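Try each task before you read the solution.

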Amino acid sequence: MADDYLVRIGKLIRDARQHRGWTQSQLAEALGTSQSAVNRIERGNQNISLEMIARIGEALDSEIVSLGYAGPMHLRVVGGRRLSGAIDVKTSKNACVALLCASLLNKGRTVLRRVARIEEVYRLLEVLSSIGVRARWINGGVDLEIVPPAELDLAAIDAEAAVRTRSIIMFLGPLLHRADRFMLPYAGGCDLGTRTIEPHMIALRRFGLDIAATEGQYHAVVDRSVRPDRPIVLTERGDTVTENALLAAARHDGVTVIRNASSNYMVQDLCFFLEALGVRVEGVGTTTLTVHGVPVIDVDVDYSPSEDPVEAMSLLAAAVVTESELTVRRVPIEFLEIELAVLEEMGLDHDRTTEYFADNGRTRLVDLTVRPSKLEAPIDKIHPMPFPGLNIDNVPFFAAIAASAQGKTLIHDWVYDNRAIYLTDLNRLGGRLQLLDPHRVLVEGPTRWRAAEMMCPPALRPAVVVLLAMMAAEGTSVLRNVYVINRGYEDLAERLNSVGAQIEIFRDI
């Protein structure tokens with residue numbers, strides 16, 4: 001019991017330190033102790049007095065630490081309020097996690113600008129730190145500096161952090177260049193049903209990687225004599241599959257052709273980053289990528305990932321559902337053009353500025369202003385397709401939008417086993433959604449939203465959809481245990497409050 005207490009306290013201290021943007025060394029300096037002592041405290045491997053807990057709480061300006069164990073985070077939402085003003089889109093969650101994995105390719109110093117401060121990033125940083133990578137927030141906690149060790153300590157990998165993120169699967173591509181044998185914990189993340197990793201294995205076997213999955217671990221063995229001697233055809237045009245193939249090809253001494261590749265936003269950002277590392281990638285934005293690998297990458301690189309089109313869609317949906325006029329700035333328009341075309345056909349009143357470039361110099365952005373609109377259900381069903389089709393992660397937001405429109409809308413979420421089921425949680429808030437099968441939902445609108453108290457769905461996008469519906473519902477709603485939202489959104493409640501929402505963060509006593 002005592003050991004469990006120390007582990008829980010350690011996690012609270014670690015989370016509070018990361019929230020402030022401090023390294024272990026900075027906290028150690030403030031406390032007058034060593035970095036190794038802070039590391040032991042955060043791992044629950046050192047006894048800690050109440051006085052020390054209080055000192056840490058004071059140093060980190062964190063009442064949670066000084067109070068002891070904090071339970072799950074909840075949101076109390078006072079709905080029926082109109083939003084107004086302007087809100088900026090943050091950098092892409094999916095690009096940031098891919099770039100963190102890609103930093104393992106580089107022996108030099110990597111600086112990533114305006115990295116999303118989200119739980120998914122924190123979990124990957126914990127994994128990187130556990131294997132010897134030095135990562136610290138710089139420039140007031142806005143940017144992230146990553147410096148790898150000469151040799152990775154893969155035996156010390158933080159399995160607990162690894163299993164809480166699906167992104168850990170993208171360590172396979174870089175690590176096959178760093179070790180002949182290694183183990184990785186099974187990938188976790190959202191509860192979206194069973195998704196096979198076989199497409200990853202098919203691609204990575206061409207680089208000599210063989211995987212045996214036993215007892216919660218991927219056991220990897222690399223045969224250096226195996227090289228891709230013909231184009232790699234991906235059996236699934238998936239984002240992470242394409243990224244893993246790119247990460248493997250980046251340090252392959254030769255030319256690798258990847259066909260049926262995803263050309264989605266996070267893949268493009270990864271390609272731009274690889275180019276900054278000196279890897280030439282032809283065909284960016286198409287389904288055929290030609291990678292001219294560099295066997296040794298040792299450069300100091302500074303890169304700015306682009307904005308997140310899925311977060312942009314979240315904010316647009318918030319304006320639609322709450323019948324608000326809202327300007328969403330820094331929208332990566334090329335990855336939302338299909339969604340906007342569908343919304344225009346439904347009757348959305350909006351306008352956009354002329355295009356300008358993101359900080360990476362490549363991605364096209366606009367500012368979008370959305371106004372209250374009388375929406376009609378679309379004639380055709382809403383269904384995702386690989387880019388340039390309607391984004392898979394944007395499909396759930398159409399459930400809330402369709403519930404605000406006149407008529408019936410069929411939503412076909414064919415990619416994930418469980419996600420469409422979670423959308424029916426909107427019925428608790430007054431929605432009229434009929435589950436036709438595990439992948440298809442019929443949504444009838446318009447909806448008179450009503451307040452409710454409920455648990456957060458265990459999948460990121462449906463969870464945010466429920467939050468948006470609560471914002472539209474008259475009265476006070478409670479959404480419990482919102483960790484999954486924090487996995488993908490930085491300070492979402494506070495940012496929505498800045499444009500007129502009323503959302504309070506609280507924890508159980």
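## Surface and overall shape

The accessible surface of the protein is about 20400 Å², and 48% of that belongs to carbon and sulfur atoms (Shrake-Rupley method, 1.4 Å probe; for residues, only the protein chains shown count as cover). This is a predicted model, where local features need pLDDT of at least 70 and side-chain atom pairs count only at pLDDT 80 or more, while totals for chains, interfaces and linings use all residues. Residues are numbered from 1 along each chain as its sequence is written, and side-chain values use heavy atoms, with hydrogens and water left out.

**Exercise 1.** Describe the overall build of the protein.

*Solution.* 
- Start with the secondary structure: there are 19 helices and 23 strands (DSSP runs, H or I of at least four residues for helices and E of at least two for strands, numbered from the N terminus).
- Next, the radius of gyration is 23 Å, close to the 23 Å that the globule rule gives for 509 residues, so the protein is as compact as a globular protein of that length. The radius is taken over C-alpha atoms, and the rule is 2.2 Å times the number of residues to the power 0.38.
- The C-alpha atoms fill a box of roughly 65 × 60 × 45 Å along the principal axes.
- Of the 509 residues, 57% count as buried (under 20% relative accessible area; exposed is over 50%, partly exposed in between; 1.4 Å probe, protein chains only).
- Finally, look at contacts (heavy atoms within 4.5 Å): among those with a separation of 6 or more, 74% join residues 24 or more positions apart.

**Exercise 2.** Find which residues touch the most other members of the largest nonpolar core.

*Solution.* 
- A nonpolar core is a set of buried Ala, Val, Leu, Ile, Met, Phe, Trp, Tyr and Cys residues joined through side-chain atoms within 4.5 Å.
- The largest one has 154 residues, and Phe 171, Phe 182, Leu 467, Met 471, Leu 479 and Ile 485 touch the most other members.
- Helix 17 (residues 460-472) gives the most to this core, with 11 residues.
- Another core lies apart from it, with 17 residues, among them Ala 28, Leu 31, Ile 53 and Ala 59.
- Now zoom in on Met 471: beyond its neighbours within four places in sequence, its contacts include Val 77, Leu 83, Ala 318, Leu 496 and Ile 503.

**Exercise 3.** Which residues of helix 14 are buried, and what covers them?

*Solution.* 
- Helix 14 spans residues 337-346, and its buried residues are Glu 339, Leu 340, Val 342, Leu 343 and Met 346.
- They cover an arc of only 160 degrees around the axis, so they sit on the same side of helix 14. The arc is that of the directions from the helix axis to the C-beta atoms.
- Their cover includes helix 13 (309-321), strand 15 (349-352), strand 17 (364-371) and helix 15 (395-403).
- Just after the helix, Gly 347 has a positive phi of about 105 degrees.

**Exercise 4.** How many disulfides does the structure hold?

*Solution.* 
- Count pairs of cysteine sulfur atoms within 2.5 Å. The search of the whole structure finds 0 disulfides.
- Take Cys 96: the closest cysteine sulfur, in Cys 101, is 11 Å from its own, too far for a bond.
- Cys 96 is buried, at a relative accessible area of 1%. Cys 456 also counts as buried, at 12%.
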